[in-house]
Amino acid sequence: MRLKHCYNFEDYRSLARQRLPAPIFHYIDGGADDEVTRRKNAESFNDVDLVPDVLRGVGDVDMSVQVMGQKLATPFYCSPTALQRLFHPDGEYAVGAAANAMGTMFGVSSLGTVSIEELRRRYKTPQAYQFYFHKDRGVNRAMMERAKAAGVDVMMLTVDTITGGNRERDLRTGFSIPLRLTLGGMMSFALKPRWILDYLRHEKFRFPQLEDHIDMSGGAISVGKYLTETLDPAMSWDDAAEMVAQWDGQFCLKGVMSVADAKRAVDIGCNGIILSNHGGRQLDGSRTAFDQLGEVVDAVGGNIDIMMDGGIKRGTHVLKALAMGAKAVGIGRYYLFALAAAGQEGVEHALNTLKSEVERDMKLMGCTSLSRLSKANLAF
């Protein structure tokens, strides 16, 4: 398969599988435990039907949204994800460039592989920073100050990774940073010489957001250990409120699921929340963000910007989420598979594929502006 023959999420996934060593592909693709939640994230959209309107004069449609103080040309953005230069040597450079061309927001992870300063210098499109809360409060303050100085637009405090999920695919392949592969994992790398050459020819793999504070270079520490040993499981609402005050800008909590927590986010001054189960990579058996969306919107939708991620594979998924009350949706695996398949060209191809679907589906829904979508366009 070639990129020009990719028409949907599953095509990008298939092409990535052809090009990546198996342990890296399964790191992107996999979830926690039995991966029930990972599968349900996409399946949940099938339980709600769209109800279109007709004869609405949809010669032109407006796909733009306003969320977290940012104007986005599309109702979807690139969620922050870790280790991107492991999937393609250009990593966050490619994703930032594609998001910039699309006019949408992209996120950078604390476990990102390109510095927030370099990305801000290159790309003017809205940039979010996914923040992991560490046991060392001094590290937290220093990283927040650095992000503010770099010009990050939106701070996303991730609240569902106080410890790492049980990702059994990674255990079977020996995936970690540095790599500690099983025999089968090593053989899969040998079968992908192009990936090995790309990895060796480009700049050294690193974690620029963390390297001034945490030793991520030694053989004793992996991403799993970072999540388990360095992050603070005692993080509280008081800690989050202190961060909101320190940041003094657009601030959201990523990983909120319950109505009670959504209300607390409003109380401490957050501008937004992202309903998310981390792509099914943390607590298996948890509810999907889409299934929870309507209840949360009813409770706090007038007081805070609500976004969601998890399972977005089609333009119709995007429209269902927006009709339910989300201001925008995040995509992760969708663009990561395209990144692995073809770098910046792949990400741009994927974002344009999703954009085309949203535009076509808006016309089929009789919707000239996304603000016109409501629960009246859904049947349960």
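Q: What makes strand β4 (residues 76–78) and β11 a pair?
A: Two strands pair if DSSP finds at least two bridges between them. Here 3 bridges join β4 to β11, so they pair, and they run parallel.

A quick note on the model: it is predicted, with local features needing pLDDT of at least 70 and side-chain atom pairs pLDDT 80 or more, while totals for chains, interfaces and linings use all residues. Residues are numbered from 1 along each chain as its sequence is written, and side-chain values use heavy atoms, leaving out hydrogens and water.

Q: How do you know that β10 (residues 305–309) pairs with β11?
A: Again 3 bridges join the two strands, so β10 and β11 pair, and they run parallel. Asp-309 has Gly-330 as its bridge partner in β11. As for side chains, Ala-328 and Gly-330 point one way from β11, Val-329 and Ile-331 the other way, and all are buried.

Q: Why is Leu-378 called buried?
A: Buried means under 20% relative accessible area (over 50% is exposed, in between is partly exposed; 1.4 Å probe, protein chains only). Leu-378 has 7%, so it is buried.

Q: What makes the place of Leu-378 a strand?
A: A strand is a DSSP run of E with at least two residues (a helix is a run of H or I with at least four), numbered from the N terminus. Leu-378 sits in β12, residues 378–379, so that run qualifies.

Q: Which residues does Leu-378 touch, leaving aside neighbours within four places in sequence?
A: Among them are Val-48, Leu-50, Lys-320 and Met-324; contact means heavy atoms within 4.5 Å.

Q: Which residues touch the most other members of the largest nonpolar core?
A: Of its 125 residues, they are Phe-87, Ile-273, Leu-275, Leu-293 and Met-308. The largest share of this core, 14 residues, comes from α16. Phe-87 also contacts, among others beyond four places in sequence, Ile-24, Trp-195 and Leu-336.

Q: What makes those residues a nonpolar core?
A: The term covers buried Ala, Val, Leu, Ile, Met, Phe, Trp, Tyr and Cys residues joined through side-chain atoms within 4.5 Å.

Q: What lines the largest pocket?
A: There are 40 lining residues, with His-278, Gly-279, Arg-281, Gly-332 and Arg-333 nearest the centre. The largest share, 5 residues, comes from α3.

Terms used:
On a 1 Å grid over the protein atoms alone, a cavity is a set of points where a 1.4 Å probe fits but cannot get out, and a pocket is an open set with protein on both sides within 12 Å along at least five of seven lines; lining residues have an atom within 4 Å of a point.
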